[in-house]
Amino acid sequence: MDELLNGLNAAQRSAVSSPALVLQVLAPPGSGKTKTLTARIAYLTTVENLQPWNIIACTFTLKAAREMKERIRGIVGDIVVNKLILGTFHSVARRFLVRYGQEIGIPKNFGIADTSDSKAIIKRIITRGDYRIDPSQARSRISGLKAKGTTAEQFSATSAASKKIDQHEFACVYSEYEETLKISNQLDYDDLLLRCVELLTKHPECVSSIQAVLIDEYQDTNNIQYEMMTLLARKMKRITIVGDPDQSIYSFRSAEIKNLYRMRAAYPETVVVNLEDNYRSSACIISSAKAVIEQDENRPNKSLLPTHCAGEQPTLRHLATANVEAQWIVGEIDRSTKLCAGLLNFSDYAILLRSAALSLSIERELGNAGIPYRMVGGRRFFDRAEIKIVLDYLRVINQPDHNDALVRVINVPSRKIGEPTVKKLLEEAETSQMTLWKLVLDCAQGRRKPQCKISTQAQKGIDTFVNLILTSRMKLFPAEDEDCNLYELINHVLQKISFEAYLKATHKENWRERWENVEELIGQATQMATAASKGDDTLEDALPVVDGIDQRQDTAADLLSKFLANVALSTEMEKEEGVEQQQVTISTIHAAKGLEWPVVFIPAVYNGSIPHSRAEDHDEERRLLYVGMTRAQGLLYLSCPVKQSSEGETTLSQFISSPRIQRFFSLRGPSFGCTVIGDLARILRRPCPSARDVEISRTLVERFEDDRYPLNKDEIDGEDSSWSANYASSDVRPQPYKRRRTEPA
Ligand code: ATP
Ligand code: MG
C-alpha cells in the first residue's frame, strides 16, 4: 500500500484511496490525473481486492492504454495487468461485441470500417447515385446523427416531408451506407459504441461482473460514451473519472462538456477532488499558459501551482515565411541535440500543429537534416499504399464479404480484370443482393455465369484470385494437428502475389523502402500474435469470464481479426510501440493530449491557423492552444511566419497578441541567435536548476571551448553574456531540484 501511494501528493492520495463510489478528479494539465487514475486501478486490485477482469478502464487512445498498462504493470505485475479490461471506448465496446454481440445479431467475425473505409464507401454511393453531396461532410453528418442515436430509417422518415433535394439525397446516402456495412458485415466507429450500448441495455447480464469503471480525459466523452459508461457501471455504480474542462477540444466529435454536470446530477453521491499542483512544466510555462486560458471570461477561475522553478520564459518568434520558420525549428533541434549529445535526444522534442497539413515544410526540413521523426495524428503507417494492399488482402481473407477491400485488390497485382469488369460485377452482385465475393466464387466454381461479358483472361484472373483467398482461408482454420500463425499466413499471400516483385516493378525509385514497410507490418502482426498468446494484448478478449479464466485458445482466425481491429482502432500510430527509436515527434495538438516533452515548438500561431479559419468556437481554439502549451516541460517556443506562401501577410493569433499576454513571452526577432542553446545555457542563472539542467549546462560550457562543436559564443549569449562567467565563479552553486510536499527528495 505504501509503495502504491509513494510519490503521490496528499490530494492525489486521497483520490486514489477514496471510499467514494462515484469520484470526479478535476484538475489542470500536468497535475497527475492520469497518474492518479493509474494508481487507483492498482489500489482497487491490491487493497480493495477487486479482480482485474472486474475493472474497466477507458483511455483516449490505444497508446495511452498501453502506457497506462505499463505503469500499472510496474505496481501489480503481469498476471493482474493482463486481465484488466483496459483500452479506448471503442476497443472496450469491440470486446463486448465479440464476446456477446451474437445476442443482438452481430456475427462474431465482424470487421471494423475505419474513417477512410467509411469515406470510401460513401464516395462510391455518391458517385453511383450521382448525388451532389460532399463525401467528407456526409460522413461527419452521418456520424453526428449516429452519435445522437438517429438511425437511417428515422432520418428518412423525418426527411420525407422535407422539400429540400439534398435532404432526400442525404437520406439515401445514409440508408445505402448502412446497407453496405450490413452486407459486408462491418461496423463503423459509431456503430461499435451504439451497438455496445444496445447490447448492454438489452443484456445487462453481460456486465454483471463489472465492479468499477474508470475513465481518463473525461471532458472529451460524448453522449454515447456517457451512456456506455453508465451501463458498464450499472451493477456497482462505482465510477472514477478524471478530466479537465479547460482541455475540452473534441466538440467536433460531439464531445459534451455537459457530461460532467450530467454525471453529478445522475449520481448525487459524486465526490469531487481537485488537484492544483503542476508537476510537468516550469513556472514560466505555466504562467504563460494560464494567461492564455484566462482570457476566457466565462470560465471559473482555477488554481494551478507550479512545483518547478521559474525556468526560461517561453519564446515567441516572428519569422519571414513558413519555410524559414521550418528551417529555424529544425536548425534549433539539430544544433542543440548535437551540442547536448547524450543529454538531449530527438525524442525530447515535439512540434505541435493546429492541423496536420502544416507539417509538409517541417517534414521536408527534418528530412534534409537527416533527423528521424514520427508523425502522430497525421498520415498513418497503415495508410501507406503498400500497407493498404496487404491489409486489404487480409481483410478479404478474414471476411470475404468485405466488398470494398475485395474491389481494391481483386486486380492488384494485375490479373487482367479491368475496372469496367469489376464495376459490372459489383453492380450485378448488388442487384442480386449478394456480395461480390459470393458472385465471383459462384462464377469460379461454375455455379453461375455472370450476366456481363467477361474475357477468358479476366475469368482466369478471377479464378486465380478466388483460389488464393480460399487457400489462405484454409490456413486460417487449420486442421487440429497443424499450426498456422499470422506470419505464415501473410507470407503465403505475399508469395502467391509476388508482392516484392510487384513493388520493384511499380515503384522503381523507392520499392526497397516500401518492402521494408511491409516487413515491418509482418513484424507487428507477429509481435501482436506472440503477445496475445501470452494473454497480453491491448485488444485481449478476456472479458468477464468466470473466475477470470479464459479457456479459449486464440486461433489464427481470432488473431487475424484482432490484428485488423487493432489496425482499425489505432487512431494515431505511425508504427507500433516497441520501436523505441530516438525520433522527433510531429503531432497535431489534438493527438498530443495527455503527453509531455522537455522541448515543445508550436509553429504557425497566426489567425486563420489558430483560431482556425473554419472554427466556429473560438473558446475551444483557445483551449487547444492551452493544451499545446501545457505539453512542454522545460522549453516552449511559439512562432509565426510573417508571410504565408500564397495568402499574403499573417496576423499574430489573437490569443497571444495582447500586450498583457506578451509579457509572459520573450519576444525574439530574426537577429537573435540560437535560442534553444541560449536558453539551455542560461538555465544556470535559475535559482534552482534541476540536476539534469545543471548537467546540460555544464556540458554546454565544456563543449563551448571545443572546436568539434558548431557553437558560436555570440549566438549563445544573446542579450546577456554573463552566464559563462557565472558558471566559472564558484558562488553559483547548482541547487537541488525544488520539490514540494510528497515528492521524494
Ligand atoms: P494532462 O491533463 O495533460 O493529461 P495529467 O493531469 O494527466 O495531465 P500526468 O500525465 O498524470 O498529468 O502527470 C504529469 C507529469 O507529472 C508526469 O510526468 C507525472 O509522472 C508527474 N507527476 C504527477 N504527479 C506527481 C507527483 N506527485 N510527484 C512527482 N511527479 C508527479
Ligand atoms: Mg492525463
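**Notes on the predicted model**

1. The axes of helix α8 (residues 135-148) and helix α10 (residues 165-183) come within 11 Å and cross at roughly 70 degrees. Axes here are lines fitted to C-alpha atoms, for helices over the stretch in contact, and angles run from 0 to 180 degrees between N-to-C directions. Angles of 65 to 115 degrees count as roughly perpendicular, under 35 as roughly parallel, over 145 as roughly antiparallel and the rest as oblique; α8 and α10 are therefore roughly perpendicular to each other. On the α8 side the contact involves Ala-138, Arg-141 and Ile-142, which meet Phe-170, Val-173, Tyr-174 and Tyr-177 of α10. Sorted by class, this contact has six nonpolar residues, one charged and no polar. The classes are nonpolar (Ala, Val, Leu, Ile, Met, Phe, Trp, Tyr, Cys and Pro), charged (Asp, Glu, Lys and Arg) and polar (the others, Gly among them). Two residues are in contact if their C-beta atoms, placed from the backbone, lie within 7 Å.

2. On conventions: this is a predicted model, in which local features need pLDDT of at least 70 and side-chain atom pairs count only at pLDDT 80 or more, while totals for chains, interfaces and linings use all residues. Residues are numbered from 1 along each chain as its sequence is written, and chains are lettered from A and ligands numbered from 1 in the order in which they are written.

3. Overall, the protein chain has 31 helices and 18 strands. Both are DSSP runs numbered from the N terminus, helices being H or I of at least four residues and strands E of at least two. Of its 745 residues, 45% count as buried. Buried means 20 or more other C-beta atoms within 10 Å of the residue's own, exposed means 12 or fewer, and partly exposed lies in between, with C-beta atoms placed from the backbone. Among contacts between residues at least 6 apart in sequence, 79% join residues at least 24 apart.

4. An open sheet is formed by six strands in the order β3-β2-β6-β7-β1-β8, with parallel pairing. The edges are β3 (85-88) and β8 (271-274), each with a single partner strand, so one side of each is left without a neighbour in the sheet. Neighbouring strands are turned against each other by 15 degrees on average, direction ignored. Within the sheet, β2 (residues 55-59) and β6 (residues 212-215) pair in the parallel sense over four bridges, and Ala-57 has Leu-214 in β6 as its bridge partner. Strands count as paired if DSSP finds at least two bridges between them.

5. Which positions carry the "binding site" feature? The unreviewed UniProt entry places it at Ala-27, Pro-28, Pro-29, Gly-30, Ser-31, Gly-32, Lys-33 and Thr-34. UniProt positions follow the numbering used here, feature names are shortened, and annotations may be inferred rather than shown by experiment. Pro-29 is in the loop between β1 (22-26) and α3 (33-46), and counts as buried with 23 C-beta neighbours inside 10 Å. Beyond its neighbours within four places in sequence, Pro-29 contacts Asp-244, Gln-247, Arg-280 and Thr-630. Thr-34 lies in helix α3 and is buried, with 21 other C-beta atoms within 10 Å. With the same exclusion of neighbours within four places, Thr-34 contacts Asp-216, Val-242 and Gly-594.

6. Strand β15 (residues 597-602) has five of its six residues buried, so it is largely enclosed by the rest of the structure. Strand β12 (residues 349-353) runs parallel to β15 and is joined to it by three bridges; Tyr-349 stands opposite Val-599 in β15.

7. Some backbone geometry deserves a check. Most residues other than glycine have a negative phi, and most peptide bonds are trans. The Val-412 to Pro-413 bond is cis, with omega near -10 degrees, and Pro-413 is in the loop between α18 (403-409) and α19 (419-431). Ile-610 and Pro-611 are also joined by a cis peptide bond, with omega about 0 degrees. Pro-611 lies in the loop between β15 and α26 (618-629).

8. Ala-604 has a positive phi near 55 degrees and lies in the loop between β15 and α26. Ala-604 counts as buried, with 23 C-beta neighbours inside 10 Å.
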